[in-house]
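User: Hello! I am new to this structure and would like to learn how to read it. Could you walk me through a few features?

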Amino acid sequence: MKDMTDQTTKTSSRFRFVANIVAPFLGLLLVILIFSLVPEVQDRFLRAGNFKSVATQSVIVALAALGMTFVIISGGIDLSVASNIALSSCIVAFIINAGLPPWLGVLGGMLTGSAIGLINGSLITSLRLVPFIITLGMLGIARGAAKWLAENQKIDAPITWVNDLMARSPQPPWLLMAPGIWLMILLAAAMAVVLRFTMFGRHVFAIGSNEAAARLCGIRTRRTKVIIYGLAGLFCGMSGVMQFSRLTVGDPTVAVGLELDIIAAVVIGGGSLSGGQGSILGSMIGVFIMAFLRNGSTMMGWPNYIQEIIIGFIIIVAVSLDQIRYRRET
Amino acid sequence: MKGISKSFGATRALDDVHFDLKRGEVHALLGENGAGKSTLIKIMSGAIRPTRGTMNLEGAKYSPASPLEGRKMGISVIYQELNLAPHMTVEENIMLGQEWKACGFLRRKKMRQKACEVLRLVSHPEIAPDVPVRRLSVAARQIVEISRALLEKAKILIMDEPTSSLSGEDRHRLFRLIKQLKGQGVSIVYISHFLEEVQQVADRFSVLRDGKNVGSGQMEEISLDGIIQLMVGKKVREVFPRLPHEVGPVALAAFRLRGKRMQAEVSLSLHHGEILGLAGLVGSGRTEFLRALFGLDACHEGVLRIGKEEIALTGPRLRIDHGIGFLSEDRQGEGLSPGQSVADNITLSRLAPYSRFGFLRLGLRNKEVERWIQRMKIKAQSPGQSILTLSGGNQQKVALARLLHQEAKVLLLDEPTRGIDILSKLQVYQWMAELAAQGKAILFVSSYLPELLGVCDRIAVFYRGQLAEVRPVSEWNEQSLTAATTTGRTSAGLH
């Protein structure tokens, strides 16, 4: 008797897990399938080189989406991510331009990103304001700071190894893909483990699901939240390094509006803006669904606005499918 | 606890209160809303500190600085609003805040085993540890919360209205569990408005009134009336007032009506001057029927007549215009607008009298609302006061005032006395009697059988989505009603 119930619950939980991951994954396969069936773009689209360039384009959004996944699962939101990326990338350029060693620039970018995130988290918990407001304010502050630092221009910097991080053809060649892509894959795997198999991850879910209950159970909700936003900031910092690597200059006006892409990726991947739901794999799939759509549409010669409309629809469809599934389950 | 006092500014919530709890006993803490019960359990659990007085736990001085510290010392509160994370699984909820880890990673297998073990301990091994909590019934969620407390090695469980949203069968299971826990040496502080239940469950009782001890003793040695008398502080001559009223013509008739969420069609008619009770377990379909009557759930089948007029089966607006008023069982979630004022809540469904050229005449409205506050004896300082600052009983009075203000002739009341104090309850019964005497028709849903038997003219029983029986109140008694709600039939040999 006992074994039987155990068996059924195990299969049901496994089924849920599969359903949570398979649904967005099918969406991604569908997007790829559609473009590979169109004769005009088929051979260009399906080339390994194209997949590689899609991956390279995705690194910046993907890194930031890793942090955003934690934020959204905890029931929060971070609107300042794109500004944070711009500021961090300018810091990298600034430091390298000043003649300091490139690794110091990379470190500086990451520290800047983390600092912004930690400030977000501290303000949210100490002022007890909703994350939307705090990070909306930070969106302006970080962007302004970036422009100030760059004196409203681009910050030039000498070419260094930092620029190889996002190179199409990596050095050494046995890497096959740009180091940035490898970094993205490694970090995604690590964060998936953190989210599922550590206490911190479980507490992130608990806060998003019912913050009062979490506090009652002795979880340090404030500290956990500060860490979550700090983590999101750290990923923005890395994303900023990649942004600089790709542009080779520090541009304070880069990534305007990118926060919406990042949030969209998490949401397409099953993250719930009311908290308690989401996964790293889902968010990564969300990133790639959007990247492949952009890539395919460009090959088809569709204008930019068509891509925007399609992605808009995808967000609505993905989330409403998710909602239907959720309701049926309850 | 000895000589506990707590003052909030000038108001003294607790005044020299004593409370003692023996190992392995169920001690009922009774009193009306505002008597100081919540303050006392907050002090016990460590949520607030007493202004004066001392507490001892197992001989040692006990002065917790936070609920967390209280829990660590073995005192857990099971609150009315359940404190669970709905997206997370049963196991995750039970282990929340006490996860086991090794080298930074969770020991998931071990934790799952432990969760199963605790669930077996509370005799609910059928609750699967991998199911998200939101898919569980309210009763099962409560078990999960109790399991969590036991995992923390709770010595004292404080249960605040644990049965208010449970159906009969689940209540009995909970009582069995309480007995079992008692046997394991756990002490339980039991707070409930359902006095009959308290009599069943508790060994001893303590009654608070206006922040003072007014009586305590062995449960067997006191009658129900005695308890009520202690709580209210005066002799309650008639709990259920009956005013002479005449049952008039049909006010509302449903013919083979079936709402979206109903399992079967229902035909029922309600007369002017009549109080018709709807009994049934949670999930038996009574609330769904009420929602279909009021148009909150769409109806695709059936006929609805108000008076002699057949009305279209559209949404609530048309029903309100025809004089139907609905009081939701979910006061906070649906019945009232929590952020708004008493005036807003009373007049929300009928603002037209205060509107001139589309603008609201707030002065006029406030005057009218003040009259309602007096008439309904609502304890509010002004019409502009937020309803969140009112007690549950006064909130319910506001909700009722809205129905009367909108001049409803047919009142659909879903659990109007749930979670409110005894005096407010008596007030509600009084009004129902008065309204019926004025010729209004009242449909009264309740899970509390004594009040149905005390107030109604007829009682209809819902069972598994169907209307099972309708009889005059004189043909029902508590046994037959219990039988009908739990089996769908009145057992043989009754009347």
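User: In what order do the six strands of the open sheet in chain B lie?

Analyst: Welcome! First, this is a predicted model, where local features need pLDDT of at least 70, side-chain atom pairs count only at pLDDT 80 or more, and totals for chains, interfaces and linings use all residues. Residues are numbered from 1 along each chain as its sequence is written, chains are lettered from A and ligands numbered from 1 in the order in which they are written, and side-chain values use heavy atoms, leaving out hydrogens and water.

Now the general idea: strands of a sheet pair through backbone hydrogen bonds, either parallel or antiparallel. Helices (H or I, at least four residues) and strands (E, at least two) are DSSP runs numbered from the N terminus, and two strands pair if DSSP finds at least two bridges between them. Here the order is 7-10-11-3-12-13, with mixed pairing. At the edges, strand 7 (75-78) and strand 13 (212-218) of chain B each pair on one side only. From one strand to the next, the twist averages 20°.

User: How many bridges join strand 3 to strand 12 of chain B?

Analyst: Four bridges link strand 3 (residues 26-30) and strand 12 (residues 204-209) of chain B, and the two run parallel. Across this pairing, B:Ala28 stands opposite B:Phe205.

User: Which strands of chain B does helix 6 lie across?

Analyst: Angles run from 0 to 180 degrees between N-to-C directions, with axes fitted to C-alpha atoms, for helices over the stretch in contact; contact means heavy atoms within 4.5 Å. Helix 6 (residues 168-183) of chain B lies across strand 3, strand 10 and strand 11, at about 145° to strand 11 of chain B. Helix 1 (residues 37-45) of chain B lies across several strands, including strand 7 and strand 12, and runs at about 135° to strand 3 of chain B.

User: What does the secondary structure of chain B come to?

Analyst: Chain B has 17 helices and 25 strands. Its radius of gyration is 24 Å, close to the 23 Å that the globule rule gives for 495 residues, so chain B is as compact as a globular protein of that length. That radius is taken over C-alpha atoms, and the rule is 2.2 Å times the number of residues to the power 0.38.

User: Is A:Asn163 buried or exposed?

Analyst: Buried means under 20% relative accessible area, exposed over 50%, and partly exposed in between (1.4 Å probe, protein chains only). A:Asn163 is buried, at 9%. Its place is the loop between strand 1 (155-156) and helix 7 (179-197) of chain A.
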